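Subject: Structure handover

Hello,

Here is the structure you asked about. My notes follow below it.

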Amino acid sequence: MSPGGQIVGRGVTQPPGQAHAEVMAIAEAGERARGATAYVTLEPCDHVGRTGPCSRALIAAGIAEVVYAVPDPNPRSSGGARTLEAAGVRVRSGVLADEVRKGPLREWLHVQRTGRPHVTWKFAATLDGRAAAKDGTSQWITGPQIRESVHATRGELDAIIVGTGTALADDPWLTARLPDGSLAPHQPTRVVMGTRELPEAARVLDDAAPTVLAKTHDPAEALAMLGDKVHVLLEGGPKLAAAFLKAGLVDLVHAHLAPALLGAGPLAVGDLGVGTLADALRFSVEDVRQVGGDIAVRLVPDAGLSPPRSER
């Protein structure tokens, strides 16, 4: 932003190995970057990896002040604030830090802390927790507006996981689609977890998006097969959801609730091994919104999920 308050450059970090957001914004600003203030979510990096240090790029561009939300937790790339200050650049930190931690950097920061992908479990259910009717019908429990939001989410993440049970029963495509039904520009990797074979004509095996067949029932092993994936969406059935929950590998929940009752039919989650109320898996609500005729609830586990005491 220029001294006069005008936005002169915007940037978004490109795919791994390409330019970071600061470099993209500087390139757009050109000479107008001199004397400007750079606002960034993450402390500018200070190391030479697949790209050069953003701290040096900001100094070379003549940036007068850098404002960032959260420090870089990676010891190999942190230290940009010190380098900037040593070069005479004013630095402010912690601005909108909580919003950034829960928003644009949530998944990336999780990977830095844990070394594994961030897992969001998404499910749709009736008010009595049913994911399908007694006869197995489930299309559609929720309305078109909330399904459109799901496709928008798919277009922003790295992978979608289902089990072979879901793949065989529903033959899902697991693609991100635009409102007109066409494929979105970015497609997440489709992951089918389990040991049963899929038919050659299964839609997840076409060339619309990459597919990984994770021949395991262990959630941790499946995640380890995904390389440098950052954000994974769990869309499987009740057994797969229960496996990830029992393993403590669900980091965020998107619960989509329809104002309907079925009274019978498969539940959204399978047996968690909980025998008493004291062992219930508890969550905190981050957000509640009405989307069309449905309710979207975003929740985080309380103090991290862990197996019930009977299984420890």
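Two strands count as paired if DSSP finds at least two bridges between them. Helices (H or I, at least four residues) and strands (E, at least two) are DSSP runs, numbered from the N terminus. This is a predicted model: local features need pLDDT of at least 70, side-chain atom pairs count only at pLDDT 80 or more, and totals for chains, interfaces and linings use all residues. Residues are numbered from 1 along each chain as its sequence is written, and side-chain values use heavy atoms, with hydrogens and water left out.

**The sheet**

An open sheet is built from 8 strands. Their order is E7-E6-E5-E8-E4-E9-E11-E10, with mixed pairing. Strand E7 (211–214) and strand E10 (283–291) are the edges, and each pairs on one side only. From one strand to the next, the twist averages 20°. (Axes are lines fitted to C-alpha atoms, for helices over the stretch in contact; angles run from 0 to 180 degrees between N-to-C directions.)

Strand E6 (residues 189–193) runs parallel to E7, and 4 bridges join them. Val-192 stands opposite Leu-213 in E7.

**Helices on the sheet**

Contact here means heavy atoms within 4.5 Å. H5 packs on the sheet and touches strands E4 (118–126), E8 (231–234), E9 (252–258), E10 and E11 (294–301). The direction of H5 makes about 130° with that of E4. Helix H9 (residues 238–246) also packs on the sheet. H9 touches E4, E5 (159–163), E6, E8 and E10, and its direction makes about 115° with that of E5.

Which residues of helix H5 (residues 106–114) are buried? They are Arg-106, Glu-107, Leu-109, His-110 and Val-111. Buried means under 20% relative accessible area, exposed over 50%, partly exposed in between (1.4 Å probe, protein chains only). Gly-115 follows H5, and its phi is positive, near 80°.

**Domains**

The domain assignment, automatic or from a database, gives domain 1 (21–102) and domain 2 (116–301). Their centres, taken over C-alpha atoms, are 36 Å apart. Separately, an unreviewed UniProt entry lists residues 1–91 as "domain: CMP/dCMP-type deaminase". Such annotations may be inferred rather than shown by experiment. The span 1–91 is 25% helix and 15% strand, and its end C-alpha atoms lie 14 Å apart.

**Glu-22**

Glu-22 sits in helix H1 (residues 21–29). Glu-22 is buried, at 9% relative accessible area. Beyond its neighbours within four places in sequence, Glu-22 contacts Val-40, Leu-42, Pro-44, Cys-54 and Leu-58. Ala-57 is 35 residues away along the chain, yet the C-alpha atoms of Glu-22 and Ala-57 are separated by 7.9 Å.

Best wishes
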